[in-house]
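Reader: Hello! I am new to this structure and would like a close look at its pockets. Could you walk me through them?

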Amino acid sequence: MAKEERDWTQETLRAKLLYMQQQIGPMAKENKSFEGYTYVSATQVLLLVRDLMNEVRVLCIPSVNTYKDTSTRDYKNKAGGDRILTEIPFIYTWMNVDDNVDQIVSTWVGEGMDSGEKGVGKAVTYGKKYYLF
């Protein structure tokens, strides 16, 4: 039996998001860290969600309210090495492409820990991944 085509241009944002949620089942932990734990990669999550967003005609626009709200804290790892925790507060705006008034705005904090300059990139990547989870 062929899959029934749905006219997404007539659906509300909430209906589109519900459909997306219903299509996503458990995700296999396909990657292994150098510490030995398994995890779902940001790429796995983003590719699955992006394909569904394209299908139902939804955008999710991340933004940072102000960079002054971004914070960093110094930590020591178990071996005594220096680490920096970066926290970035995000605003995510879900938009219905077919109705520019139909939006949902939510907030989330991304965190990334690194010994160098990669904390911001990790905070962005991990923040988006776990927000979409």
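**A look at the pockets**

Author: Happy to! Let us begin with the lining of the second largest pocket, which by class has eleven nonpolar residues, two polar ones and no charged ones. Please keep in mind that this is a predicted model. The space in this second largest pocket comes to about 330 Å³. Its lining is made of 13 residues, and those closest to the pocket centre are Q21, I24, V49, L132 and F133. Three helices, α1 (13-23), α2 (42-56) and α3, each supply at least two residues of this lining.

Now for the largest pocket, where about 680 Å³ of space lies. Here 19 residues form the lining, and E35, Y37, M113, K122 and Y126 lie nearest the centre. Two or more lining residues come from each of β4 (71-76), β5, β6 and α3 (119-132). Sorted by class, the lining of the largest pocket has nine nonpolar, three polar and seven charged residues.

Two of the contributors to the largest pocket, β5 and β6, deserve a moment of their own. Strand β5 covers residues 82-96 and strand β6 covers residues 99-114, and the two pair in the antiparallel sense over 13 bridges. Together β5 and β6 form a hairpin, with two residues between them. To find your place along this pairing, look for I91, which stands opposite T107 in β6.

As you turn the model, α3 is a handy guide: this helix gives two or more residues to the lining of the largest pocket, and α3 also supplies at least two residues to the lining of the second largest pocket.

Technical notes: Residues numbered from 1 in each chain as written. Predicted model: local features only at pLDDT ≥ 70, side-chain atom pairs only at ≥ 80, totals over all residues. Heavy atoms only, no water. Pairing = 2+ DSSP bridges. Helix = DSSP H or I, 4+ residues; strand = E, 2+ residues; numbered from the N terminus. 1 Å grid on protein atoms, 1.4 Å probe; cavity = no way out; pocket = protein on both sides within 12 Å on 5 of 7 lines; lining within 4 Å. Points joined across faces, edges and corners; volume = space filled by probe spheres on them. Nonpolar A, V, L, I, M, F, W, Y, C, P; charged D, E, K, R; others polar.
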